[in-house]
Amino acid sequence: SASLWETATVRRLEPLSFLGTNNSTVKWSPDGRILAVGDRLGNLRIWDFATQSSITNFVIKGTHIAALLFHGRGRSLGCGTVSRTSPATRGLRLWNVADWSEISVPPDAIRDVKWSTL
């Protein structure tokens with residue numbers, strides 16, 4: 001299970017049991033308010049950390065959530081996936097954080113991904 005740790009003393013501060021288990025990647029929004037958690041079964045859970053309550057959940061069937069990244073000062077969330085049946089098959093999904101609507105990305109349009117720091 002995930003936990004918060006103080007890095008200076010390597011002391012466990014708080015267990016994050018509300019996140020569950022089987023997580024493969026965790027990412028904080030730049031303002032520290034939102035916690036995105038992806039797992040090996042294709043579940044992407046978005047949490048309000050202050051209240052430890054769910055904001056929304058997505059299921060990306062047949063995938064493993066391999067990477068998460070908030071972009072644009074936290075205005076969007078990118079999610080990198082790997083197929084559980086064909087590991088060479090990878091994908092990218094994007095969401096608008098304001099309303100959690102998915103931003104359409106044509107599958108054949110992805111060759112490489114880089115984020116700017118703006």
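Which residues does Thr63 touch, not counting residues up to four places away in sequence? In this predicted model, Thr63 touches Arg40, Leu41, Gly42, Thr81, Val82, Ser83 and Arg84, where a contact means heavy atoms within 4.5 Å. Thr63 belongs to strand E7 and, at 10% relative accessibility, counts as buried. The accessibility classes are buried for under 20% relative accessible area, exposed for over 50% and partly exposed in between, with a 1.4 Å probe and protein chains only.

Residues are numbered from 1 along each chain as its sequence is written, and side-chain values use heavy atoms, with hydrogens and water left out. As the model is predicted, local features need pLDDT of at least 70 and side-chain atom pairs count only at pLDDT 80 or more, whereas totals for chains, interfaces and linings use all residues.

The protein chain holds 0 helices and 10 strands. Both kinds of element are DSSP runs numbered from the N terminus, helices being H or I with at least four residues and strands being E with at least two. Buried residues account for 34% of the 118 residues in the protein chain. Its accessible surface is about 7,400 Å², and carbon and sulfur atoms contribute 53% of this; the areas come from the Shrake-Rupley method with a 1.4 Å probe, and for residues only the protein chains shown count as cover. Among contacts between residues at least 6 apart in sequence, 27% join residues at least 24 apart.

E3 and E4 run antiparallel and are joined by 5 bridges, with Asn23 opposite Asp39 in E4. E5 and strand E6 (residues 53–59) form 6 bridges in the antiparallel sense, and the bridge partner of Ile46 in E6 is Thr56. The hairpin of E5 and E6 has 4 residues between the strands, and there Gln52 takes a positive phi near 50°.

A further open sheet of 4 strands has the order E7-E8-E9-E10, and its pairing is antiparallel. Strand E7 (63–71) and strand E10 (101–103) each have a single partner strand, so one side of each is left without a neighbour in the sheet. From one strand to the next, the twist averages 30°. E7 and strand E8 (residues 76–83) are antiparallel and joined by 8 bridges; Leu69 has Gly78 in E8 as its bridge partner.

The largest nonpolar core has 14 residues, of which Leu44, Ile46, Leu77 and Trp100 touch the most other members. Such a core is a set of buried Ala, Val, Leu, Ile, Met, Phe, Trp, Tyr and Cys residues joined through side-chain atoms within 4.5 Å. Two or more residues each come from strand E4 (34–39), strand E5 (43–48), E7 and E8, and E7 gives the most, with 3 residues. Beyond four places in sequence, the contacts of Ile46 include Ile34, Leu35, Phe58, Leu77 and Trp100.

The whole structure contains 3 aromatic pairs, a pair being rings of Phe, Tyr and Trp (its six-membered ring) with centres within 6.5 Å, where planes under 30 degrees apart count as stacked, over 60 as edge-to-face and the rest as tilted. The ring centres of Trp28 and Phe49 are 4.8 Å apart and the planes stand at 80°, so the pair is edge-to-face. Trp28 lies in strand E3 (residues 23–28) and Phe49 in the loop between E5 and E6, so the pair ties together parts that are 21 residues apart in sequence. Trp28 is partly exposed, with a relative accessible area of 34%, whereas Phe49 counts as buried at 16% relative accessibility. Phe58, Trp95 and Trp100 form one aromatic cluster.

Most residues other than glycine have a negative phi. Trp100, in the loop between strand E9 (90–96) and E10, has a positive phi of about 60° and counts as buried at 13% relative accessibility. Arg73, in the loop between E7 and E8, has a positive phi of about 55° and counts as exposed at 70% relative accessibility.

Conventions: Two strands pair if DSSP finds at least two bridges between them. Axes are lines fitted to C-alpha atoms, for helices over the stretch in contact, and angles run from 0 to 180 degrees between N-to-C directions.
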